[in-house]
Amino acid sequence: MTLTDFARRVTDSGTCTVTGSGAAGPDAAPGATGQAPVAGADAADSRAVGREADGLAVASFVLGLVGLLVFNVLLGPTAIVMALLALARRTRRRGRALLGLALGVADLVVLAVLVTGNGAVAWDFGG
């Protein structure tokens with residue numbers, strides 16, 4: 001049964017009281033009040049998720065960039081995961097998330113080149 005099957009009454013406090021057979025009654029679960037938040041709370045939640053996704057995009061970019069120089073075995077996969085999470089959460093910084101994804105993949109490529117080139121996971125500038 002959906003919420004649209006019930007009569008709703010919007011109060012001044014910004015909550016929606018549900019009446020009908022699905023409303024909270026004596027046999028309802030503990031903590032069920034029969035009130036659900038309206039669209040204003042949904043907008044605040046989406047802004048918080050958007051900010052979190054933007055932070056993930058920036059963090060993936062920074063970790064991918066740093067991972068090119070140090071700890072690429074750890075920072076590369078972390079940058080990839082954070083970029084994919086940011087893209088899945090529809091970040092507004094899509095370009096930065098894609099760049100973080102590309103840098104994370106580049107970290108793993110650098111790691112593969114280092115391991116196959118000299119058999120160690122380290123930079124070797126000496127001859």
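Does Val 73 count as buried or exposed, and at what relative accessibility? Some notes on that and its surroundings follow.

1. Ground rules: this is a predicted model, where local features need pLDDT of at least 70, side-chain atom pairs count only at pLDDT 80 or more, and totals for chains, interfaces and linings use all residues. Numbering runs from 1 along each chain as its sequence is written, and side-chain values use heavy atoms, with hydrogens and water left out.

2. Val 73 sits in helix α2 (helices are DSSP runs of H or I, at least four residues, numbered from the N terminus). Val 73 counts as exposed because its relative accessibility is 52% (buried is under 20%, exposed over 50%, partly exposed in between; 1.4 Å probe, protein chains only).

3. Val 73 is one of the residues in a nonpolar surface patch, along with Val 62, Val 66, Leu 69, Val 70, Phe 71 and Leu 74; together they have about 670 Å² of accessible area. α1 (39–67) and α2 (72–88) are the elements giving two or more residues to the patch. Patch members have over 30% relative accessible area and no salt bridge, and nonpolar side chains are joined within 5 Å (a salt bridge puts a Lys or Arg side-chain nitrogen within 4 Å of an Asp or Glu carboxyl oxygen).

4. The axes of α2 and α3 (residues 94–118) come within 8 Å and cross at roughly 155°. That makes α2 roughly antiparallel to α3 (the cut-off is over 145 degrees).

5. Over in helix α1 there is Val 58, which counts as partly exposed at 28% relative accessibility. Val 58 and Arg 96 lie 38 residues apart in sequence, with 6.3 Å between their C-alpha atoms.

Conventions. Patches are made of residues with over 30% relative accessible area and no salt bridge: like charges are joined within 9 Å, nonpolar side chains (Val, Leu, Ile, Met, Phe, Trp, Tyr) within 5 Å. Accessible areas come from the Shrake-Rupley method with a 1.4 Å probe; for residues, only the protein chains shown count as cover. Axes are lines fitted to C-alpha atoms, for helices over the stretch in contact, and angles run from 0 to 180 degrees between N-to-C directions. Angles under 35 degrees count as roughly parallel, over 145 as roughly antiparallel, 65 to 115 as roughly perpendicular and the rest as oblique.
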